[in-house]
Amino acid sequence: MKAANKLESLLWPAARVGESLGWVAESLVGGSQPVDTLPAPSAVVWDHESLDAWLASTAMRLDLEAVAVHSTYGGLRAIVESCAPAILRLPALDQRQVEPLFFVIVAGGSKRVRLLGADGGQHWVSTESLIRQFRDVVENEPTVTGPIDEILNQIGLRGKQRLVVRQAL
């Protein structure tokens, strides 16, 4: 199975993110509430602000702390390597994606991270492939790629040099 396909199979839909919070609670603090009794957020709360508020209140009920973390493109590696256990929201894969998706990081590291899949299994994946999953979303966003391509066109970069500069930007 290709790394991207394996990672996509480990994503948690927002409708099941309560289960992942329950898992984190059970693994860290003995979990005061079984995983399967946590209410899933309704589709109504899938906008960023409402979902963040739901996550914070649900985490609080489980004696956990939910902290919104924002990262620069370059700072993503440090977060992925050191944030475990954590639930990280993947930016929308495309404009048609309505339901937010999440990765549950069980253990971090510079070479590999262990993710909890929605199937309940724990899976080791390369840190680089997880970081690439997040970066691909940004790199394929037209509001990001359009201006970068325009700059590269204006300065006349082609071929391998264009690719190297594009990736650096």
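**Close-up views of a predicted model**

At 14% relative accessibility, Ser129 is classed as buried in this predicted model.

**View A. Ser129 in helix α5.** Helix α5 spans residues 127-139 and contains Ser129. The Ser129 side chain comes to 2.8 Å from the backbone oxygen of Ser126. Because buried denotes a relative accessible area under 20%, the 14% computed for Ser129 places this residue in that class.

**View B. The hairpin of strands β3 and β4.** Strand β3 covers residues 101-107 and strand β4 covers residues 112-116; the two are paired in the antiparallel sense over 3 bridges. Between β3 and β4 lie 4 residues, and the two strands form a hairpin. Within this pairing, Ala107 is found opposite Arg114 of β4.

**View C. The hairpin of strands β4 and β5.** Strand β4 also pairs with strand β5 (residues 122-126), in the antiparallel sense and over 5 bridges. Leu116 stands opposite Gln122, a residue of β5. A hairpin is formed by β4 and β5 with 5 residues between them, and Gly120 in the turn has a positive phi of about 90°.

**View D. The salt bridge between Glu128 and Arg77.** Glu128 and Arg77 are joined through their side chains by a salt bridge, with an N to O distance of 2.1 Å. Glu128 belongs to helix α5 and Arg77 to helix α4 (residues 76-82), so this pair ties together parts that are 51 residues apart in sequence. Glu128 is partly exposed at a relative accessible area of 37%, and Arg77 is likewise partly exposed, at 28% relative accessibility.

**View E. The salt bridge between Arg162 and Asp149.** In the salt bridge of Arg162 with Asp149, the closest N and O atoms are 3.6 Å apart. The pair links distant parts of the chain, with Arg162 in helix α7 (residues 159-168) and Asp149 in helix α6 (residues 142-155), 13 residues apart. Arg162 is buried, having a relative accessible area of 17%, whereas Asp149 is partly exposed at 23% relative accessibility.

**View F. The salt bridge between Glu19 and Arg16.** The side chains of Glu19 and Arg16 form a salt bridge at 2.9 Å, N to O. Both residues count as partly exposed: Glu19 has a relative accessibility of 27%, and Arg16 has one of 28%. The model contains 5 salt bridges by the criterion applied.

How values were computed:
Residues numbered from 1 in each chain as written. Predicted model: local features only at pLDDT ≥ 70, side-chain atom pairs only at ≥ 80, totals over all residues. Heavy atoms only, no water. Buried < 20%, exposed > 50% of the residue type's maximum accessible area, 1.4 Å probe, protein only. Polar contact = N/O pair within 3.5 Å; in protein donor to acceptor, adjacent residues only side chain to side chain. Pairing = 2+ DSSP bridges. Salt bridge = Lys/Arg side-chain N within 4 Å of Asp/Glu carboxyl O.
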